[in-house]
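Reader: I would like to learn how to read metal sites and a helix in a model. Please show me the case first.

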Amino acid sequence: EIALKNNQGVHYFNADDGAYHQRRLTITRRLEQALKHNELTLYYQPKQQLSDGRVQSCECLLRWIDNGEFISPGEFIPIAERSGLILVLGEWVLDSAFNQARAWYEEGRKIQIAINISARQFLQPGFAESIERRLREYAIPASLIELELTETSIMDNHQLASAVLMELRALGVSLSIDDFGTGYSSLAYLSAFPVDKVKIDRSFVSQMVDAPKQQAIVLTICQLAHNLGLKVIAEGVETDVQRELLHQYGCDFLQGYLFARPVPASEAVTLFN
Ligand code: C2E
Ligand code: MG
Ligand code: MG
Ligand code: MG
C-alpha cells in the first residue's frame, strides 16, 4: 500500500490500484512539461546554529504549482524517481541552487546551500564530476555547497556510495545524511562514510517531548554523531521545548517552522546573519 499526500489530505492506494497508476502517469507527464516550461522553483529554509543563533546556511526545497494546484515534493519526487525523470529534475535543481549560491556569493554573502540528492542521481556514473564541473563553471568555493543524501541511498549500495562520497569529499563540498534514523543504519558504516553531518529525522523530533523513547533516540544520535566527530542538525523543530531539549543535548543546528519555513530566496536572504 502506498500513501500519497495531496492538498485534499492523504490517500491510500494499492500498488496495483488503477487510480494510483493514473495519478502517477499524470504527474509524470505534467512534470515533464513543467521542467520544459521552467515552472518549478526552489524555496530556501534557513538552518540556525544553536550555540549563537547565527544563520549562515539553508536547504533548498522544490516547489511546484501545477495550474493552481500545489503538488508536494513528497508526492512527485518518488514518482520522478520511478520514471527516471529525477535525473533531469536533479540537474535542474543543481543548476538552480548553484546559480543562487553564486548570486549570494557575488553579493558578498557566505551562505551555504544544502541540496537534496536522490539515490539514483547520486549513483549515476559521473555524478561527482558533474559537481566538480559546476563548482568550476559557477566559480564558487566548494564550502558553499552541501549535499544531503538519505541513509538508504547510501546503505543500499554502500561500496559504490562510499567511493562517490570520497570523490565528493575530495572536492571540498559538505555531505550530510538526511532523515537519519529512519533507515537501517549500520553504525559501522556510519563511521566509515566520509560525511560531515547527520540530520535527525523530523519523526523523532516531533515526538521527542512526549515520547521518552524518541527522546532517547534523539539524545543518542547527538552523542553518537559527536563521538564520531560529526555535526548534528535536527529537522522539523516546531516548539521552544524541542529547541531547549536539543540545546541541552548539544545539537549543533536546527531547522524547522519554529525559526523559519521554506521561503523564496529573496525572503530567505533577510533571515541570514
Ligand atoms: P527532506 O529533505 O527531509 O526535507 C524536510 C521536509 O520537512 C521539507 O518538506 C520541509 O518543508 C519540511 N519541514 C521543514 N521544517 C518543518 C517543520 O517544522 N514542520 C513540518 N511539518 N515540516 C517541516 P518538503 O519541502 O515537502 O519536501 C519533502 C521531501 O521531498 C524532502 O524531505 C526531500 O526528501 C524531497 N525533496 C524536496 N526537494 C527536493 C529536491 O530538490 N531534490 C530531491 N531529490 N528531493 C527533494
Ligand atoms: Mg533534506
Ligand atoms: Mg530530511
Ligand atoms: Mg525528513
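Reader: How far apart are the magnesium ion (ligand 4) and the magnesium ion (ligand 3), and which residue coordinates both?

Author: This is a predicted model, in which local features need pLDDT of at least 70, side-chain atom pairs count only at pLDDT 80 or more, and totals for chains, interfaces and linings use all residues. Residues are numbered from 1 along each chain as its sequence is written, chains are lettered from A and ligands numbered from 1 in the order written, and side-chain values use heavy atoms, with hydrogens and water left out. Donors are N, O and S atoms within 2.8 Å of the metal (3.2 Å for Na, K and Ca), and sites may look incomplete because water is not among the atoms. Here the two ions are 3.0 Å apart, and Asp-179 coordinates both.

Reader: Which residues coordinate ligand 4?

Author: Asp-179 (OD), Asp-201 (OD) and Glu-235 (OE) do, at 2.2 to 2.8 Å. Asp-201 lies in the loop between β9 and α9 and Glu-235 in the loop between β10 and α11, so the pair ties together parts 34 residues apart in sequence. Helices (H or I, at least four residues) and strands (E, at least two) are DSSP runs, numbered from the N terminus.

Reader: Which ions does Asp-178 bridge?

Author: Asp-178 bridges the magnesium ions ligand 3 and ligand 2, which lie 3.7 Å apart. Asp-178 is in strand β8 (residues 174-180).

Reader: Is Asp-201 buried or exposed?

Author: Buried means under 20% relative accessible area, exposed over 50%, partly exposed in between (1.4 Å probe, protein chains only). Asp-201 is buried.

Reader: What caps the N-terminal end of α2?

Author: Ser-72 does, with a side-chain oxygen 2.9 Å from the backbone nitrogen of Gly-74.

Key. A polar contact is a pair of N or O atoms within 3.5 Å; within protein, one must be able to donate a hydrogen and the other to accept it, and residues adjacent in sequence count only if both atoms are side-chain atoms.
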